[in-house]
Amino acid sequence: WGEQNVLRDVVRVIRMDRPFVLISRFQGNARDGHGNHSTAGLITQEAFKAAGDPQMFPDQIADGLRPSQPFKVYIGGVRENESWTLRIDPGEYSPWLGDSYANVPRLGLSFQRSQNSGRYTPQLGPSPSYYLRVATILNGASAPEKERGFFDGIDTSTAGLFKLLGESPLPGGDAA
């Protein structure tokens, strides 16, 4: 199915965008429902390892991309009674969005006529989802068994971001 081609494309996107965290809704196994979903779960986990390795897809390095190792990778589709790292509730209302986090993508999906005939069905109320962290480069203290958010253990303050990126703050800027 062209696994290396798909992996190459995903690694390219990671090296271009340099995300701190990878999140796959799918696990890469039969539970995912069909091959495209399983592929997404599998490739996300493989790309986590490959993106930081300069020996993987050296043509990308020759093109000017740099290896980029995300700090963590999660898989979704985990059940409450299984081992999980993070519980989130996209059914919570967001004052910034004016709706729940779950309804924003539902609205987008309503434009995909092939999957649901263009219907918009808002989701009302709580809808907890569970994610398992399957890999991390953070040490144990920064990667607890249970987390409250995907960025737990990563210093996302302005000063922390400069430090993580190995960069100096801009002159006159306050990165503290």
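Residues are numbered from 1 along each chain as its sequence is written, and side-chain values rest on heavy atoms, with hydrogens and water left out. Because the model is predicted, local features need pLDDT of at least 70 and side-chain atom pairs count only at pLDDT 80 or more, while totals for chains, interfaces and linings use all residues.

The protein holds 6 helices and 6 strands (DSSP runs numbered from the N terminus: helices are H or I, at least four residues; strands are E, at least two). Along the sequence, these elements follow the order α-β-α-α-β-β-β-β-α-α-β-α. The C-alpha atoms fill a box of roughly 50 × 45 × 35 Å along the principal axes. Of the 176 residues, 31% are buried (under 20% relative accessible area, with exposed over 50% and partly exposed in between; 1.4 Å probe, protein chains only). Where contacts (heavy atoms within 4.5 Å) link residues at least 6 apart in sequence, 67% join residues at least 24 apart.

Turning to the backbone, most residues other than glycine have a negative phi. Arg-18, however, has a positive phi near 55°; this residue sits in the loop between helix 1 (3–17) and strand 1 (21–24), and is partly exposed, with a relative accessible area of 29%. Phe-57, also not a glycine, has a positive phi of about 55°. Its place is the loop between helix 2 (35–50) and helix 3 (58–62), where Phe-57 is buried at a relative accessible area of 7%.
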